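I opened my notebook to look up a couple of residues. Here is what I wrote down.

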Amino acid sequence: MIVVFSRGELRDDTKQYREDKALIDVVMRQKPLSRYRAFWACADIKRAGVGVLVKKDVEAPQSVTRSLVSHAKKEAHEEGRVLLMEFSSVAFLNVYAQNNGWTKESMAKRRAWDDELRAFLCHESESLDASGGATNEAFPVVSRPRQTDGSRKPLIWTGDLNACHREVDVSHPAFFASQKAEGKNGKAPVELPADPDDRGQPGFTVNERKRFDALVTDAKLVDAYRELHGDAEMRMTWFGHPGVTRVGKYRGRGMRLDYFFVDGGDWFRENVESCVQATDGIPVAELAERPDRAFFGSDHCAVLLRLKSAGGGTTSESR
Amino acid sequence: MKRFFAPVGGSSDPSKRARGDGGPEGDAGAGACAPDAPTRQPKSFMTWNCNSFLGRMRKELDKKSFLRYVEDHDPDIIALQETWLPAAAPDRYDTFHCAERVQTTPEALPPSPGVVVQGANLARSQLVGTLTFHGALCLRIVSREQTNKASRRRSRRARITFALD
């Protein structure tokens, strides 16, 4: 028996789920979200999952993909971590990265996730493109969307990447580097990883940062915010533990986990206008409270990327 | 009976690749091919890990601040993470999407005509009399038996019998 979750649709098989879905539908029908169409990539359980809302007066995406590996292998990521959309001018990738966690198993999952991303972002195989990676099981990768001349479409990769790119991307490097797993409910914490480079706060371990940096370097992508704002300090997008701001060791400590990575070089110069984090301009002391105007009740703030509206929009102008 | 159906990846036909898939109104990109379909390219992008979209939209203050930000910055695209909205369950068959999502192959068909699919959601398929599957197979709906009259509007559950034409 093949079990098929419709990972592009919200669950509605019980009264509770129908009510939840109805609530989302209502929000989507009200201004300002009524101007958007929603695309979802859902997990099979009530966790993770990503969504992309696209304005109705914007070109409908030419394709929507929910997996980074060959369709023959997997139609959609089972935890709904991937939404890839192709427009005429750009490819847009929204991901919720696997958290490194504290255990061997979770770290292995993170490595596999990084490998998947690397295969998608960096592969150059032209032969794959005829089938778009849809039928080639041997090559477990979805092809990067291409332009008509065969070159890669410019990519905008965003999401909660669950990793800090560099030291300047955490508020207290020494603190995060020395974090250890804590035992839950009286149980002993998991053992320290054998590799010292796997130790520390998930998202800030040396190994993760190494892989992250190698990945974006090889994929020739640049961090739009850093490109425009340099090494400015205390530019965090995540603060404290979910639901807890008043207490806890993470109070007032932040990480930069939410990024816009885009094509570097000419494309960047010709197309990117601005990249702003909702926390920009908010005093450090206030950030510990996760102000509503930047976080909207979450532990992550919003980040905004704007492209130049005149010129550069079409493929011929940008290449 | 579901074993007769295998999921179609993103569909091998690129022109059919999930265009407008999963819109909240189920319009499934109806206007995408229309001559007056918008061609404006997305220029502004927002990302936000909402740590449960449902949770945020349930709290007035969170919802208000989020919508305020969207109103103020008017992004063309909003990327959300950790929506915590689970996927439609595996036993839910929506005939509206059958043509896109489900494929049968001649080998997969039963020796005698007549496949029964249970628990299909017929809410949006009132006008569908014939379903065309991939591989140019045509299955005719022989009978439709409504099994759940209580939630008539939202999810009309029914037993459908298909026959091979």
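Where in chain A does A:Arg256 lie? I found A:Arg256 in the loop between β10 (254-255) and β11 (258-263).

Before going on, I noted that this is a predicted model, where local features need pLDDT of at least 70, side-chain atom pairs count only at pLDDT 80 or more, and totals for chains, interfaces and linings use all residues. Residues are numbered from 1 along each chain as its sequence is written, while chains are lettered from A and ligands numbered from 1 in the order in which they are written.

Entry on elements: I looked up chain A and got 9 helices and 13 strands. Helices (H or I, at least four residues) and strands (E, at least two) are DSSP runs, numbered from the N terminus.

Is A:Arg256 buried or exposed? A:Arg256 counts as buried because it has 26 C-beta neighbours inside 10 Å. The cut-offs are 20 or more other C-beta atoms within 10 Å for buried, 12 or fewer for exposed, and partly exposed in between, with C-beta atoms placed from the backbone. In chain A, 48% of the 319 residues count as buried.

Next I checked who touches A:Arg256. Beyond its neighbours within four places in sequence, I listed contacts (C-beta atoms, placed from the backbone, within 7 Å) with A:Cys164, A:Asp169, A:Arg235, A:Met236 and A:Thr237. A:Met236 is 20 residues away along the chain, and I got 4.4 Å between the two C-alpha atoms.

Last entry: I looked up A:Asp115 and found it in helix α2 (residues 104-122). A:Asp115 is partly exposed, since 14 other C-beta atoms lie within 10 Å. From A:Asp115 to A:Val170 I noted 55 residues in sequence and 24 Å in space, C-alpha to C-alpha.

Key: Two residues are in contact if their C-beta atoms, placed from the backbone, lie within 7 Å.
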